[in-house]
Amino acid sequence: MTVYSQAITDIAGAGDQSRFWFYREDNLSPSADESAIITGGWVDVQPVDGVLTTPSLTPGPAKVSWGGQAYDLIIPDHPDDDPIPLWPDIQNYLPQPGPVVSAAVAAKEAAVAARDAAQEILADVESGVVPDAGVAARVAASGSATRTAVEARVRAVGDATYVRPGDTATAAAGTHRYLSLEAEDLRDLNELWDGDSIGNETVEHIYLLTQMRAALNPTRSYVYHLIDSSTGLTWNAPVTVQTGTGTGNAGGPFTTHIWNFSVSGMNTSYSLGSRYPVLLATNPDIIVLLHGKNEGQTSGGSTDAHWRGQYLSFTESIHQDLPFADLVCVLQIPNRDDQEMAKKNRVYAQLAALRGYGVIDLHRLFLAAIKKAGGTLSAYMKADGIHPTTSADAPSPNGSLLMAQLELAYWTFNRETGAIRAQQVSSLESNGDQLLVNGDFSDWTGSVPAGWEAINATTSKDTRSGYFEKVTGTGYGCRVQSSSAASSYIRVTFDAAFRAKWAGKPLTAVVRVRADTKSPTDSVTQGRIGWTDGIQTLNSGNYAQARDGFHYKVLTFTPDPAATYLRLTLYADSAATATADVTFDRVWVVPGILPRKGSMGVQGPAGAAGAAGDPSLTQIDFCSTVGSNPVVAALTVTGSSSAVIGTANMGIVMPVKPHRNMSIAVLEWVTGSVSAGNYDIAILDSAGARLWSKGSTAWPATSTNVAETVSPAVSLVAGQTYYIVLAADNTTATYKGLNTTSSLLKLVTGAGHTRAVGSIFPIPSTVTIGSTATGKLPLVLLREA
């Protein structure tokens, strides 16, 4: 089964009011074993909030129509919890010309190319550029000096079968616009290559390709720059690959600069943070992205959502800041022993099609060329099964040289090219609906921003220079620091109405974050973000190299329809680290799979104050396990007898719902007439996760008011459900509070208000609350001081 989800703006000819119909030809399709005919009904889908999201569709041949258009497509069999865009599948199924038409087109293109070449040769002869005197016939004659020179140049760059003048490769690769500038030879040009150890040596494909291209463009100079891998902040000394013969640049040649930002072991995160300005400073005309080898493995828990988010964090950031640079995605060559790159390349190809970026499918080209040569992948790979062979591995075939030869067609200019793909503007330049309240932390009067909770963390307004971005207008970021050596974070919980509306639909979190390098040991897990709904949990990758500067983290999540809650978490550190210290500047949650900046609106002027309400005890600032009335709480103790918890190691779980945001620093309760054994007391969130606990402690003296210090203080959000737990390791110690039949404490639904949970002493990190109702209800007061 498959779910499609895509912004309407990325589907040709569609608008917010378009109705999409998915159906099968004649509404009939055979069953898998062809023993029966299955009726396939029409599926009618209406976009919501600018996003088309289908229900689960049966895989196989189908049609889709909207706005008077109808397209064929093959619906793939893809997990429902990972929606895919519709338009790429439609493009993949557009009919291709038949072999006769293709041959005719190819012949026409070859003839046009030959005509243009002949005209250029004649012009060269007439202007005296061609050293051989005579007519154009002599230029092409066998044995002439010019023909010998041309053939020698072709041999110098590799097998001529890799360079065909009639190819439309540059259109698919997105390099044609850039190569036309190079062919005009009117100014200096800059190329930025961002990759890993597959291309950071002079015996590997990027440098080899530069040499080949230089040979084909003798009038231009080519200068190669490699990043200093020790810091990623400066460039090594430039290397002149070729000094051109041109004179258009004040009597000298124009230069193509190759900026190679490829570093061993690194992924896209290495190019973010403090190193990101180094990339921007190259002012590239074209950007080539060659990542995937180090972007995480499925064996380590990485999924399409991780690869998509990590790629988009880079592509949409740099495309926003360099909107006129073409962006090319090179699909990395395969690993020898697994299919990891095939999985990742599928995600990257989908994103390139969605955003209009160029693609060089080096993965498929590499395999096809080896097969055609009768070789094996192993022969072209080093012993690690990751890197291609180089000239240093002779007599083994040179995999790096093969890569360069295969790429050359995509970097060779020709006038007869196909339709040039239009790049979309960066998705960060487009607006979506901001679904998150207080994502810019502007509503902040207490210890944490309104609507957010802090877990094992303190928050503060970060006004340090470089730790907030003025675009927010707040003049500060949200600094999150761990309180102890445990996971530390802030989080927001979405309400039931929100959860119901967006169940089964993709939501994308876009977070602007700064995580600094820690000394002496940096934690790779700081600054992560995560989604959870009680059924599934998805945390972002580590982005371990994105340090000392703001960058985007992107993570798409589809809430389960059966989810009992929905939370977005921003980690100071997901690991148990006492020194975690991270700043978040802004958070957006938008519909769909693309990172967009949701519109938050502007707060209007404050209205006139309303009249004071009638005095009422229930409006007093008071919170306890028996409600918000202090008189009721006092009567609960005064009029009650002592009661035991229950069986040994049992706990009483009591819900509380704060009437305002509060930072709980004290829990107060009262012991009964018997003191025995040990107790534990804790605060849980709505899912039963422990936010704080006392730990096993001797039961206090009889008839004593016990004030527990909650440190660090626990932030509670108004209207959210939390639980207080009192547990004992014995059956004789007593508390003060209610002790009645369980039916008197039942809710309207018949569920128990308080629950008895066995075997939770001492109170664990997560408590499964269960459904066992009880009439026991210890009085516990919750206070900020």
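Me: Helices (H or I, at least four residues) and strands (E, at least two) are DSSP runs, numbered from the N terminus, so where does Asn260 lie?

Reply: Asn260 lies in strand β12. A word on the ground rules: this is a predicted model, where local features need pLDDT of at least 70 and side-chain atom pairs count only at pLDDT 80 or more, while totals for chains, interfaces and linings use all residues. Numbering runs from 1 along each chain as its sequence is written, and side-chain values use heavy atoms, leaving out hydrogens and water.

Me: Okay, why is Asn260 called buried?

Reply: Buried means under 20% relative accessible area, exposed over 50%, and partly exposed in between (1.4 Å probe, protein chains only). Asn260 has 0%, so buried it is.

Me: What makes Asn260 and Gly199 a polar contact?

Reply: A polar atom of the Asn260 side chain lies 2.9 Å from the backbone oxygen of Gly199. The limit is 3.5 Å for a pair of N or O atoms; within protein, one must be able to donate a hydrogen and the other to accept it, and residues adjacent in sequence count only if both atoms are side-chain atoms. Beyond its neighbours within four places in sequence, Asn260 also has contacts (heavy atoms within 4.5 Å) with residues including Trp193, Ile206, Tyr224 and Trp235.

Me: Ile206 is in α7. How do you know whether α7 is enclosed or open?

Reply: Of its 12 residues, 10 are buried, so α7 is largely enclosed by the rest of the structure. Among them are His205, Ile206, Met212 and Arg213.

Me: Why is Ala250 called exposed?

Reply: Its relative accessibility is 84%, so Ala250 passes the exposed cut-off. Ala250 sits in the loop between β11 and β12 and has a positive phi of about 55° although it is not a glycine. Ser703, in the loop between β33 and β34, also has a positive phi, near 50°, and is exposed at 56%.

Me: What makes Phe366 and Tyr380 an edge-to-face pair?

Reply: Rings of Phe, Tyr and Trp (its six-membered ring) pair if their centres lie within 6.5 Å; planes under 30 degrees apart count as stacked, over 60 as edge-to-face and the rest as tilted. The structure holds 23 aromatic pairs. In this one the centres are 6.2 Å apart and the planes 80°, hence edge-to-face. Phe366 is in α11 and Tyr380 in the loop between α11 and α12, so the pair ties together parts 14 residues apart in sequence.

Me: Why do Tyr489 and Tyr571 get that label too?

Reply: Their ring centres are 5.5 Å apart and their planes at 65°, so the pair is edge-to-face. Tyr489 lies in β20 and Tyr571 in β25, so parts 82 residues apart in sequence are tied together. Tyr489 is buried at 14%, and Tyr571 at 12%.

Me: How do you know that β22 and β25 pair?

Reply: Two strands pair if DSSP finds at least two bridges between them; β22 and β25 have four, in the antiparallel sense. They belong to an open sheet of five strands in the order β17-β20-β25-β22-β23.

Me: What makes β17 and β23 edge strands?

Reply: Each has a single partner strand, so one side of each is left without a neighbour in the sheet.
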